[in-house]
Amino acid sequence: MKKTTGISLMLLIFLSLCLITFSLLSLSGASADQNLSQKAADRTTEYYAAVTTANEILDKIDSQLAAALKESADSKSPEQAYMEACEKLSVSGTELTWTENSSDTL
């Protein structure tokens, strides 16, 4: 009788170790992909929230300028009314400031 059980056992152990190694590599890759996808989703959500806020501010500015133009359409020239409305916005527009967040820089 030949003793081939030693070779079969070694082959079985080797294949089991290979399968375990590949499964751990797949798990770590999937975990990294999930973290990257979550970061991308968070950044996209923050971007569109900022765009929405900017559009709301622009809408306020546009409505204030249109109202100033309508108010002074009879008494002043449109250019002068526009410039006065812009000056009022620069004085009252405290929400029109720029702050840079150091954590967002690359």
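The following questions and answers concern a predicted model of a protein chain.

User: How many helices and strands does the protein chain have?
Analyst: The model is predicted, and its elements are assigned as runs of residues. The protein chain has zero strands and two helices.

User: What span does α1 reach from its first C-alpha to its last?
Analyst: Helix α1 covers residues 5-71 and has 67 residues. At 1.5 Å a residue, a span of 99 Å is expected. The span in the model is close to that value, at 98 Å.

User: Which residues in α1 are buried?
Analyst: A residue counts as buried when its relative accessible area is under 20%. Buried residues make up 7% of the 106 residues in the protein chain. In α1, the buried residues are Ile-57, Leu-65 and Ala-68.

User: Is Tyr-48 buried or exposed?
Analyst: A residue counts as exposed when its relative accessible area is over 50%. The relative accessible area of Tyr-48 is 52%, so Tyr-48 is exposed.

User: Which kind of aromatic pair do Tyr-47 and Tyr-48 form?
Analyst: The structure holds one aromatic pair. Its members, Tyr-47 and Tyr-48, lie 5.1 Å apart centre to centre, with 75° between the planes. Planes over 60 degrees apart count as edge-to-face, and the pair of Tyr-47 and Tyr-48 is therefore edge-to-face.

User: What is the area of the nonpolar surface patch that includes Leu-17?
Analyst: Leu-17 is found in helix α1. Together with Leu-9, Leu-12 and Ile-13, Leu-17 makes a nonpolar surface patch. The area of this patch is about 390 Å².

Conventions
Residues are numbered from 1 along each chain as its sequence is written. This is a predicted model: local features need pLDDT of at least 70, side-chain atom pairs count only at pLDDT 80 or more; totals for chains, interfaces and linings use all residues. Side-chain values use heavy atoms; hydrogens and water are left out. Helices (H or I, at least four residues) and strands (E, at least two) are DSSP runs, numbered from the N terminus. Buried means under 20% relative accessible area, exposed over 50%, partly exposed in between (1.4 Å probe, protein chains only). Rings of Phe, Tyr and Trp (its six-membered ring) pair if their centres lie within 6.5 Å; planes under 30 degrees apart count as stacked, over 60 as edge-to-face and the rest as tilted. Patches are made of residues with over 30% relative accessible area and no salt bridge: like charges are joined within 9 Å, nonpolar side chains (Val, Leu, Ile, Met, Phe, Trp, Tyr) within 5 Å. Accessible areas come from the Shrake-Rupley method with a 1.4 Å probe; for residues, only the protein chains shown count as cover. A salt bridge is a side-chain nitrogen of Lys or Arg within 4 Å of a carboxyl oxygen of Asp or Glu. The expected span of a helix is 1.5 Å times one less than its number of residues.
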